Amino acid sequence: MDAHGDLLDGLNDAQRQGVLHEGSPLIVLAGPGTGKTRLITHRVAHQIVERDVDPSTIVAVTFTNKAAGELRERLADLVGPSAADSVHASTFHGFGLRLLRRFPDLSGIGGSPEIIDSAQKRRLLRRLATEHKIYGTLLALGAEALLDEAGKVIELCRHNALSPEACVAFAKTWAERLDAGQGSDGGPADADTVAAQREERARFAGHARMYALFEGACRERGWLTIDELITLPTRLLREHERVRAVCHSEYRHFVVDEFQDVNLAQIELVRALAPPERHPDLVVVGDDDQAIYEFRGADDRAFARFASLWTDATTLALTENYRSEAPVLDVANAVIARADERFAPEKRIERAEALRDAPTKAGACVEVVQLERDPQAGDVIASMVRRALAAAPEGARSRIAVIARTHSELDSIGEALELEGIPVQRHAQRGVADDDGVRDLLAWIELLVVPQASWAVQRVLSRPPLGVDVATLASWEREFRRARRLAVLGVEPDGPSDGASDASARRAAGAGDYAAWLEARAADDPQIVRFAGLRAELLAQSHQDPAADMVWTIATRFDLVHTDLLGPRDRAQRVERLVRVVRFARAIQHRLDAPGDLASFWAYFNDLDERDRSFGAMGEEMIGRDEDADERAQNAVQLLSAHGAKGLEFDVVFVPRVNPPHGFPKTAGGRDGLSLPEGLIDRLGDERDAKARSRAEERRIFYVAATRAERRLVLLTKKTKTRSKSEHYAQELLFDEPGLIVARELDEVLDAGEGRDTLTHEAPAGAGAGTAAAGGRRRAACGPGRGRGGAGRGGCAGGRPGRDCARS
């Protein structure tokens, strides 16, 4: 034992092996709750303390800046702050930027590159498409839609380490395959497939050409996209011996966390830093069963790809779970065992050996509640949460989570919980642009720039300081639309004319100028008179002042911080969000087209993609700030998407809509986003098509949701008379693994036990007045229920199955 203590103390056998491993690259498959962060920090600390490794030669790559900060803090506790600060702990993008800045003469971007936003990217793509006539007749499909697609294809190609030259070459190969009656992947294709792919190939060929032109234009301007913080450092290392020599000398020990979330470009950067032929000290840590970010470009076979490149790699599995009770783990294992593609198919997570003799917590179980209809989930969860909280200590609300597949499902359930007086906290729901004060600001900007924006006029009139009532606004809107139709048809309105006022109103209606029409139509209304004065005042000022000054003027002129009755916390958040909009306007002022006024700002704003319109981090701030910033948990039930819940844990987890097509799995509507043509990416012999890969990821998303539960997991599903022919996770448990769950009927959950609860649903045909009271809300019995859990490993701990689960 030295001054730092025994760095192996408290580790289980597998963690100890990971800390001590030497001689080859190492794959650590770390299941949920198995202590991977502990392994990483203790391995780095052990290298510094016991092996006398210079901490400045250690590179620890994480996926968020928060994770990098936590890693440094934990290391500081183990080896002291000086050594911890010397370790290169950062995200991939942060490390890539460091390399580019270190070799500005070789990177081709100079010493002060500008990381561009989506508006700059779109405008450059638009200019290149026009100058080089890239898409020809395809422009009939919609120029802006093609530009959207081109931008996404370029991003995907970079995620997959595909150069412009490789894409152009593939477009040529694809054409040759189609001429030979083959599809893009080289397999046989029928005539219909060939015909459909010819148009797809033409678009891709245009995108590939655009990719090459775009990259060249960015270099000329000294511009970088965020993706190039990965691809350019990789190119530096491959093309320049001096860069390789310096990096291979200075960076000798590597650990990469959350490896299941990496894309091909990031793997290639790791490969350039730690080439397989050097047999590097390289550890990658993660869990392929939790690979759920394909929509961000992640490679779901990252570990298989790693093993194919670093062929001498050793694999170590962390399987001792310190988070969940045995019933939750048994169900999680049953779910993921059915996955059709796993790096280690036999891997299971088990209760940690150190905890196996500890008594199981009361109420530990997995329940499957069968509903008559999916929309009943909100009321059922509200009823079950209220009973759980009745016996829970103060502050227990934040230890309960609802994890859904879609945000619309969370909206519905959140409303049901709030109706029952249960506070909720939505994560990643409301961004800056969703704040009412920010929406007021944007509405004023749009109505000043776009007179036809009736929604903006309506919002400004309905909000302070004007506050026109909704009924009056609706009446004016209907009258304007009628006047607009008549003006377009050239028909004079009926009734007596009021001279110049009516003529002004008709001209405004014909032009679609709702604001001007209101000023003429309701000229005697004091609120409209005030509105007209404010609008004229701001219009005059907007012709003189730059956009950034006008944004500040509007925010302060209408005191948008105080337009709503807010508590101290919400008011502080309002201030912070308005400040971010003002800062954004000032940051982009120099990028606006002449004359840099409010109209130029609005045009630029509308060229941004949805993410950038949220007024988040810009430029290098995107590297220093996490995209999904964590919110501090309030004393409220937590509502999260499955992706947002990753890395978190809760005592009780409710998972609604565990059935297709809109829940777990989500099979309706197809996959979000664009995909590259089959055959372009080397999938290492994986013959699954895009649909099969999507199905596999859906199962992993459900697995992530389920493994957030520590003690109690409640799955809600719609009851069916027969077993579904498609993948149905709840039915797999109900029909094939009944001993692992507590199966509960709706009436059992709502059976009268202590008190009575309300459940929203339609009254049955012929029901009496008492049944259908309160507008279709019937009084339903609610109590602990009579669950049918099996004996043995599953079921419910601490008493009779079902009854104790509900009471816990």
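**Helix packing and aromatic pairs in a predicted model**

Modeller: Ala 548, Val 551 and Trp 552 of helix 24 meet Val 581, Val 582, Ala 585 and Arg 586 of helix 25, where contact means heavy atoms within 4.5 Å. Helices are DSSP runs (H or I, at least four residues), numbered from the N terminus. This is a predicted model, in which local features need pLDDT of at least 70, side-chain atom pairs count only at pLDDT 80 or more, and totals for chains, interfaces and linings use all residues. Residues are numbered from 1 along each chain as its sequence is written, and side-chain values use heavy atoms, with hydrogens and water left out.

Colleague: At what angle do helix 24 and helix 25 pack?

Modeller: Helix 24 (residues 547-557) and helix 25 (residues 568-588) pack at about 165°, and their axes are 8 Å apart. Axes are lines fitted to C-alpha atoms, for helices over the stretch in contact, and angles run from 0 to 180 degrees between N-to-C directions. Helix 24 is therefore roughly antiparallel to helix 25, the term for angles over 145 degrees.

Colleague: Turning to the rings, how many aromatic pairs are there?

Modeller: The count is 22 aromatic pairs. Rings of Phe, Tyr and Trp (its six-membered ring) pair if their centres lie within 6.5 Å; planes under 30 degrees apart are stacked, over 60 edge-to-face, and the rest tilted. Phe 170 and Trp 174 form a tilted pair, at 5.9 Å centre to centre with 45° between the planes.

Colleague: Where do Phe 170 and Trp 174 lie, and are they buried or exposed?

Modeller: Both lie in helix 9 (residues 164-179), 4 residues apart, about one turn of the helix. Phe 170 and Trp 174 are both buried; buried means under 20% relative accessible area and exposed over 50%, with partly exposed in between (1.4 Å probe, protein chains only).

Colleague: And what about Phe 702 and Tyr 729?

Modeller: Phe 702 and Tyr 729 form a stacked pair, 4.9 Å centre to centre and 20° between the planes. Phe 702 is in helix 29 (residues 690-706) and Tyr 729 in helix 30 (residues 729-736), so the pair ties together parts 27 residues apart in sequence. Phe 702 counts as buried because its relative accessibility is 0%.

Colleague: Which ring does Arg 613 lie over?

Modeller: Arg 613 lies over the face of Phe 605, at 5.9 Å from the ring centre. The rule requires NZ of Lys or CZ of Arg within 6 Å of the ring centre and within 35 degrees of the ring normal.

Notes
Helix = DSSP H or I, 4+ residues; strand = E, 2+ residues; numbered from the N terminus. Parallel < 35°, antiparallel > 145°, perpendicular 65-115°, else oblique.
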